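Let's walk through this model together, from the overall fold down to a few aromatic side chains. Have the viewer open and follow along.

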Amino acid sequence: MAFEPPQRLVRALTEARLGGADGAGDWLDKLPDLVREAVALRELTVERVQAPGGRSSLVLLVRQFDGTPAVLKLAPHRARPESERAALGHWDGRGAVRLLNPGDTPGVLLLERLHPDLSVRSLPEAKALLEATGVLRRLWVEPPDGGGHLFETVAERTGRQGEAMRAGAADQDVAPLVAAALAARDELLASPPEELLLHGTFRQSKVLAGERMPWLAVGPDPVVGECAFDLARLVRDRVEDVIASPSGAATTRRRVKRLAESLDVDQERLRGWTLFRSVESGLRARRVGRARDAELLLEFAGWL
């Protein structure tokens, strides 16, 4: 089939190259052949490419040989698709999209079809947060095999991120924020309250409407660690609206308190992980030239 990958994916892979990621360009070059092979092997009929789509994978809306709607997802190795496959298999549809090919081709996932254009982000903010936290609660389970799994831990992931953050701390305008974020990480890792399987990149746009359940999570980058780490990404959802608000700082603190209470998470631990993840994302956006995103995230972090 002839197709153009969504520009959002192309831009993200270009940013990945700028950030030093290996193989991003090679995977994009091979993508048309990978799609043809994946479609032919599974006897699929392609309806369309999902656009704007994600920043780390190609998503196609397809039908299986019997006409059942499904989603075909292809992702490069750097996006950890096999980790995603393992997490979706472990959840087995509980709170997340159901995996249809548990032992299939590396980098290729066949998933149940949700409503790709309807996420909880379309709801008013209070309702969106309520529905999103309900989904998140179902995802927090013990990892498989009593720890014998292939998932990265929060300590491992934030350790890699921390190294890149230290390099960014040379800029004096962000040095205090970076120091505070790294100090918060060290303190939080000293006494984690639980070790559960987490979504890893949970936010409102990652929760789509479904048929068998009203809302289901998609696109995990799973990690094992404490719940506050997962919830921290949700705290900064719609950050552009929060920044634009005249009471943005107070709104931020109220959101931390409300989300912590709704999921029985320690408020200070949530604040600390939100600080770390916001600074890390802001510095990463700055490195790849997304200046506006970086400005928003670092201002938000300053309110924590």
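Start with how the chain meets itself: among contacts (heavy atoms within 4.5 Å) with a separation of 6 or more, 69% join residues 24 or more positions apart. Before going further, please keep in mind that this is a predicted model, where local features need pLDDT of at least 70, side-chain atom pairs count only at pLDDT 80 or more, and totals for chains, interfaces and linings use all residues. Residues are numbered from 1 along each chain as its sequence is written, and side-chain values use heavy atoms, with hydrogens and water left out.

The secondary structure comprises 11 helices and 10 strands; these are DSSP runs numbered from the N terminus, with helices (H or I) of at least four residues and strands (E) of at least two. How does the radius of gyration of the chain compare with that of a compact globule? For 304 residues such a globule would be near 19 Å, and the chain agrees because its own value is 19 Å. That radius is taken over C-alpha atoms, and the globule rule is 2.2 Å times the number of residues to the power 0.38. Of the 304 residues, 53% count as buried, meaning under 20% relative accessible area with a 1.4 Å probe and protein chains only.

Now look inside. A nonpolar core is a set of buried Ala, Val, Leu, Ile, Met, Phe, Trp, Tyr and Cys residues joined through side-chain atoms within 4.5 Å. The largest one has 71 residues, and W140, F202, L231, L270 and V279 have the most contacts inside it. Helix α7 gives this core its largest share, 7 residues. Beyond its neighbours within four places in sequence, L231 touches L136, W140, L259, A260, L263, V265 and L270. A separate core of 18 residues includes V10, L13, L28 and V39.

Finally, zoom in on the rings. Phe, Tyr and Trp (its six-membered ring) pair if their centres lie within 6.5 Å, and planes under 30 degrees apart count as stacked, over 60 as edge-to-face and the rest as tilted. This rule gives 2 aromatic pairs. W273 counts as buried because its relative accessibility is 0%. Together, F229, W273 and F276 make one aromatic cluster.

Note on methods. Buried means under 20% relative accessible area, exposed over 50%, partly exposed in between (1.4 Å probe, protein chains only).
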